[in-house]
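Subject: Structure for you to look at

Hello,

The structure is placed below, followed by notes on what was found in it. Please keep the model open while you read.

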Amino acid sequence: MNNHPDILIIGGGVIGLTTACRLADYGASVTIVDRQRIGREASWAGAGMLPPGGTTDIKTPEARLRSLSSALWAELSQELLDCTGIDNGYRRCGAINVCTDDNRDSFFDQIAEWQAEGIEVMLSDRAELSQHIPDLHSDFQTGAFLPDFCQVRNPRHVKALASACLQRGVQIVEDAEQLTLHADAGRVTASTPTRRFPADRICVTAGSWTAPLLQALNVSLPVQPVRGQIAQLQVSRLPFSCVIELGRRYLVPRPDGLILVGSTEEHVGFEKRNTTEGVAGLLKFAESLVPGLSQAEVLRCWAGLRPGSPDELPFLGRIPGFENLFVGAGHYRSGVQMSPGTAAVLSNLLLDAESPISLEGLESGRQIPPIYPK
């Protein structure tokens, strides 16, 4: 293999790994470089929820990328299993969204959006909710069931992707600290104090660390870390098998008796740690949905840093003003979910092919008024 790779991917999370896999399938020579071990940031920390995609009336940027990704997940998971022997835990589990007096308007607006997209959704009364979640708190009398909602186990998926990349000849360089980008006449190169990484094209998929990397080129990309804390419970027998969502918080059951409870949204910079307040809030939330979880064992807790953007949508494509620099970052809560579609977009663009979807509203150079709290 050429020691000067065609494409350098900076950031070895799920976006970078999936993109590298696709590029290698197309015959490109690819190197992934990461500031630490690959896949150990937001890609590892998330709960792996995969909402369904639509088939009709797909108008918004979020719906386009979600629907493309949803259509690719089953095939990707089977491909990874076949070539690596690693089961990433992908499965169709369904999800219940519960309604409260406080979120009733947004709840029914969301149902209308799903229906317009052609997503199967069933409005459920208390009796129907109890069939899915027998111990659901009595406060919840109305909900919506999405039968095509899926899940994946993030650490297993990252492991499978890394194995698949290595099988395809992708070079993976970990613990590359102090990586810096340099520009000369519109072309970008990358190096650490001890090594250069020459490449025809560079794609930055570094999650929350994308903005600091690009700042060296005087590129201001409004991606900031947003901390999310998760608690993991253990039960001897699952009291429900579907994902349960209330607004942005959730319970995700695993077949082996684990239940993930998430998650917080905290603008605290690059401070990745659990707090008593955050964990206590998660445990209280779990018990408020399913009272029987008060007896579950708290196995462990962790925190991750989501790459947030002001409109909660990623920046995809070539960075304006640079000949060979691309970006795929800012997915916020949807990085794993949207990774297959993002990889399809980025791999095409990096090889001078057309994007499989319109990138209107996802462009890397779009201007967004900042809305982050100070």
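**What was found**

S263 sits in the loop between β17 (258–262) and α8 (276–289). The names of helices and strands come from DSSP runs, numbered from the N terminus: helices are H or I runs of at least four residues, and strands are E runs of at least two. This is a predicted model, in which local features need pLDDT of at least 70 and side-chain atom pairs count only at pLDDT 80 or more, while totals for chains, interfaces and linings use all residues. Residues are numbered from 1 along each chain as its sequence is written, and side-chain values use heavy atoms, with hydrogens and water left out.

**Backbone**

Most residues other than glycine have a negative phi, and most peptide bonds are trans. The peptide bond that joins G262 and S263 is cis, with omega about -20°.

Two residues with a positive phi follow. A185 has a phi of about 55° and is not a glycine. The loop between β10 (180–184) and β11 (187–192) holds A185. A185 is exposed, at a relative accessible area of 76%. (Buried means under 20% relative accessible area, exposed over 50%, and partly exposed in between, with a 1.4 Å probe and protein chains only.) D352 is not a glycine either, and its phi is about 65°. D352 is in the segment after α9, and it counts as exposed because its relative accessibility is 57%.

Q151 belongs to strand β8 (residues 150–151). Is Q151 buried or exposed? It is buried, because its relative accessible area is 0%. The side chains of Q151 and R254 make a polar contact of 2.7 Å. (A polar contact is a pair of N or O atoms within 3.5 Å; within protein, one must be able to donate a hydrogen and the other to accept it, and residues adjacent in sequence count only if both atoms are side-chain atoms.) Leaving aside neighbours within four places in sequence, Q151 is in contact with residues including G48, Y90, C93 and R254. Contact means heavy atoms within 4.5 Å.

R249 is part of strand β16 (residues 249–253). R249 is partly exposed, at 37% relative accessibility. Not counting residues up to four places away in sequence, R249 touches I244, G262, S263 and F285. R249 and Q234 are 15 residues apart in sequence, and their C-alpha atoms are 18 Å apart in space.

**Two helix pairs**

Two packed helices are described by the angle between their axes and the distance between the axes. Axes are lines fitted to C-alpha atoms, for helices over the stretch in contact, and angles run from 0 to 180 degrees between N-to-C directions.

Helix α1 (residues 14–25) packs with helix α9 (residues 339–350) at an angle of about 50°, and their axes are 8 Å apart. The two are therefore oblique to each other. (Angles under 35 degrees count as roughly parallel, over 145 as roughly antiparallel, 65 to 115 as roughly perpendicular and the rest as oblique.) The contact involves V14, I15, T18, T19, R22 and L23 of α1 and S339, P340, T342, A343, L346, S347 and L350 of α9.

Helix α3 (residues 61–84) and helix α6 (residues 154–167) cross at roughly 65°, and their axes come within 9 Å. On the α3 side the contact is made by W73, L76, L80, C83 and T84, and on the α6 side by H157, A160, L161, S163, A164 and Q167.

Regards
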